[in-house]
Amino acid sequence: GSILSLCEHMGSLKHLKFRTIGAASLSRVEEVNSMQRAYNDMCLTIEVLAKFVPTAVIRDIVVDKNGKARRLHVDRKNVTSMFSDIRGFTSISEAIEPSDLLYFLTKYLTIMTHVVESYGGVVGEILGDGILAFWNTPDLVDDHQAKACACAI
């Protein structure tokens with residue numbers, strides 16, 4: 001059962017479900033135990049990476065059906081981009097306490113990321129108070145121009 005359980009856990013990674021194997025379920029067979037622990041480490045690493053890299057990119061790397069993730073490649077396609085930042089951010093940042101600024105910025109960026117993703121976009125980069133978002137990459141998005149405009153509004 002330990003190896004089959006490990007295979008089942010590894011299969012859930014392609015859906016970005018980070019299910020680690022609990023200590024009570026670790027095998028007493030040294031080699032299997034070692035594989036289970038390595039899986040747990042990999043799972044935690046991917047989970048942390050997913051906090052900083054768009055989910056679509058992580059999924060493409062984990063699944064990697066055609067080996068593209070292992071090599072430098074370019075897909076030629078139309079992409080829509082949007083840059084957004086907070087008007088007057090410098091003045092705001094100078095007027096409030098650093099801990100309040102951190103809370104404000106974290107809340108704002110979290111909400112904006114959810115808004116971009118709800119319109120089919122991907123946040124490619126966060127630059128201070130600015131967000132650079134893309135549509136139609138890495139995944140194809142139907143009507144990406146309209147979705148980006150709706151997001152901006």
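Asn40 is in contact (heavy atoms within 4.5 Å) with Thr20 and Ile21, residues up to four places away in sequence not being counted. Asn40 belongs to helix H2, which covers residues 30-49; helices (H or I, at least four residues) and strands (E, at least two) are DSSP runs, numbered from the N terminus. Asn40 counts as buried because its relative accessibility is 11%, where buried denotes under 20% relative accessible area (1.4 Å probe, protein chains only).

The model is predicted: local features require pLDDT of at least 70 and side-chain atom pairs pLDDT 80 or more, whereas totals for chains, interfaces and linings use all residues. Residues are numbered from 1 along each chain as its sequence is written, and side-chain values use heavy atoms, with hydrogens and water left out.

The C-alpha trace spans about 60 × 45 × 25 Å along its principal axes.

Of the 153 residues, 29% are buried. Among contacts with a separation of 6 or more, 53% involve residues 24 or more positions apart. The accessible surface (Shrake-Rupley method, 1.4 Å probe) amounts to about 10,600 Å², with 57% belonging to carbon and sulfur atoms.

Methods:
Buried < 20%, exposed > 50% of the residue type's maximum accessible area, 1.4 Å probe, protein only.
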